[in-house]
Amino acid sequence: HLLIIGGGPLDNALRGMAEDLDQVHFVGPVPYQQVPAYLAIADLFATPSVTEVHPLSVIEAMAAGLPILGVRSPGIEETVRDGLDGRLVDEDLPAFTGVMVRMLLEPQQRQEMGHHSWERSRRYDIRTTVSALLDLYVRLIEQAAARPPKETRWEALAREVQQVLGE
């Protein structure tokens, strides 16, 4: 079965194409609290999106131990390692569909990719990202404190006026 969660500008067109297919199910948007239950019943997570700079839905699917199928695009390419956590394809519907079918027919590979996916998701854990961000702030503050203070525009103007006045 193909479960399509969420929606978008092609929602009606997709529903029209799939109306005679008993194995395609459109769930539509779901409350955030229900997302883990849907991820738990999935064999893989496929996203054709090319506009997610920080793909939170992909990271959530990885944390659920799912292999990922995505389109090569900013954000997805930095998150999913092709052949390890899942598969990345060019923005090409036949290629995307073909890889999805191949992934579904290879349960052992899906399981291995899902395990790698889960391991990789830990780098996006909130404790890890907050710690890295705090470390960055501390380094920037230390670097700023080590530099001599920069003269403001008003201080420069006052210095120039004093020079003109001979003080």
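**A close look at Gly 28**

Modeller: Leaving out residues up to four places away in sequence, Gly 28 touches Ile 4, Ile 5, Gly 6 and Arg 15. The model is predicted, and this applies to everything below. Gly 28 belongs to strand β2, which covers residues 24-28. Is Gly 28 buried or exposed? Its relative accessibility is 5%, and the limit for buried is under 20%, so Gly 28 counts as buried.

Ser 73 is found in the loop that joins β4 (68-71) to α4 (76-79). Ser 73 is buried because its relative accessible area is 4%, where buried means under 20%. Once neighbours within four places in sequence are set aside, the contacts of Ser 73 are Ser 49, Val 50 and Glu 78. Between the C-alpha atoms of Ser 73 and Glu 52 there are 8.2 Å, while the two residues are 21 positions apart along the chain.

Gln 111 sits in helix α6, residues 107-121. With 56% relative accessibility, Gln 111 passes the limit for exposed, which is over 50%, and therefore counts as exposed.

Next come the nonpolar cores. The largest has 11 residues: Val 35, Leu 39, Phe 45, Val 58, Ala 61, Met 62, Leu 66, Ile 68, Ile 76, Val 80 and Leu 88. Two helices, α2 (35-40) and α3 (56-63), each provide at least two residues of this core. The biggest share comes from α3, which gives three. Another core, of nine residues, lies apart from this one, and Leu 69, Val 71, Val 99 and Met 100 are among its members. In the largest core, Leu 88 is a member whose contacts beyond four places in sequence are Gly 70, Arg 72, Ile 76, Glu 77, Val 80 and Asp 82.

That leaves the whole chain. The protein chain contains eight helices and five strands. Read from the N terminus, the order of elements is β-α-β-α-β-α-β-α-β-α-α-α-α. What are the overall dimensions of the C-alpha trace along its principal axes? They are about 90 × 35 × 30 Å. The radius of gyration is 25 Å, whereas a compact globule of 167 residues would be near 15 Å.

Gly 28 and Ser 73 are buried, and of the 167 residues in the chain 26% count as buried. Among contacts with a separation of 6 or more, 43% are between residues 24 or more positions apart. The accessible surface amounts to about 11,900 Å², and carbon and sulfur atoms hold 59% of it. As for charge, the chain carries 15 positive and 24 negative side chains, and 7 Å separates the centres of the two sets.

Key: Residues are numbered from 1 along each chain as its sequence is written. This is a predicted model: local features need pLDDT of at least 70, side-chain atom pairs count only at pLDDT 80 or more; totals for chains, interfaces and linings use all residues. Side-chain values use heavy atoms; hydrogens and water are left out. Helices (H or I, at least four residues) and strands (E, at least two) are DSSP runs, numbered from the N terminus. The radius of gyration is taken over C-alpha atoms; the globule rule is 2.2 Å times the number of residues to the power 0.38. Buried means under 20% relative accessible area, exposed over 50%, partly exposed in between (1.4 Å probe, protein chains only). Contact means heavy atoms within 4.5 Å. Accessible areas come from the Shrake-Rupley method with a 1.4 Å probe; for residues, only the protein chains shown count as cover. Lys and Arg count as positive and Asp and Glu as negative; His and the chain ends are not counted. The place of a charge is taken as NZ of Lys, CZ of Arg, CG of Asp or CD of Glu. A nonpolar core is a set of buried Ala, Val, Leu, Ile, Met, Phe, Trp, Tyr and Cys residues joined through side-chain atoms within 4.5 Å.
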